[in-house]
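I opened this entry to record what I looked up in the model, beginning with the packing and ending with single residues.

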Amino acid sequence: MDHKFTEQIRLWLETHEDERDYAVGALYLLKLSGNQILYKNIVAALDRRHDVIEYQLQKYYNFRVQALTHAQVEEMAAQVQTIADEHHLTDDASTVPEDERRLGKREDHDSLPDEIKAKYVENLSILQRMRELHLRLRSLSLDNATCPDSERYPFLKELITLDKKLHSNWEEYDHFVISSPQAKPSRSAKANRSAAGSKKKTSA
């Protein structure tokens with residue numbers, strides 16, 4: 001599906017009727033329907049066919065947006081599944097405190113500036129929020145096998161947004177360099193997280 005064309009239709013429909021170019025609308029309808037006879041009839045009496053153009057374009061637009069939205073939600077759901085696997089969002093979600101789950105703290109953590117240490121602390125809260133959202137999302141799907149996209153979308157969107165923030169924080173935390181000649185590079189916190197995650201997954 002041509003998403004740019006869908007956007008052009010939306011902009012046309014949102015334009016006030018006094019400012020719309022109905023000849024362009026008729027061309028859009030021709031592209032959508034492929035009906036040359038309908039197009040010729042509309043153009044022959046364009047001033048009297050405004051309602052027909054608007055009705056038909058709205059119908060096609062609604063269909064295209066519905067299909068587009070469903071495809072987007074399914075794509076987001078697959079992305080969230082990857083995120084859930086990466087962060088083990090389903091592991092002991094209600095029994096282990098987040099600060100006990102967190103692995104990979106830098107050996108020089110206490111020497112870091114407060115704003116960098118804050119990234120670590122913030123990510124504990126982010127992970128906890130992600131687990132809560134994922135649990136609610138799973139419950140929603142189980143309660144209603146035909147769960148509407150509109151109900152899943154907010155949970156999926158927030159999970160993806162939080163994951164981006166989580167990675168951004170880890171990037172700053174893991175790669176911050178203390179400007180001191182005596183400072184020794186700590187063991188990679190990121191590697192610790194990956195190793196611990198694999199170990200946890202293996203032992204599960």
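Predicted model: local features only at pLDDT ≥ 70, side-chain atom pairs only at ≥ 80, totals over all residues.

Residues are numbered from 1 along each chain as its sequence is written, and side-chain values use heavy atoms, with hydrogens and water left out.

I looked first for nonpolar cores, meaning sets of buried Ala, Val, Leu, Ile, Met, Phe, Trp, Tyr and Cys residues joined through side-chain atoms within 4.5 Å; buried is under 20% relative accessible area, exposed over 50%, and partly exposed in between (1.4 Å probe, protein chains only). The largest core has 24 residues, and M130, L156 and L159 touch the most other members. At least two residues of this core come from each of α4 (50–87), α6 (114–143) and α7 (149–175); helices are DSSP runs of H or I with at least four residues, numbered from the N terminus. Another core, of 13 residues, lies apart from it and includes F5, L13, Y28 and L57.

I then turned to S150, which lies in helix α7 and is exposed, with a relative accessible area of 59%. From S150 to T69 I noted 9.0 Å, C-alpha to C-alpha, across 81 residues in sequence.

Last, I checked H88, found in the loop between α4 and α5 (98–101). The phi of H88 is near 50°, a positive value in a residue other than glycine, and H88 is buried at 14% relative accessible area.
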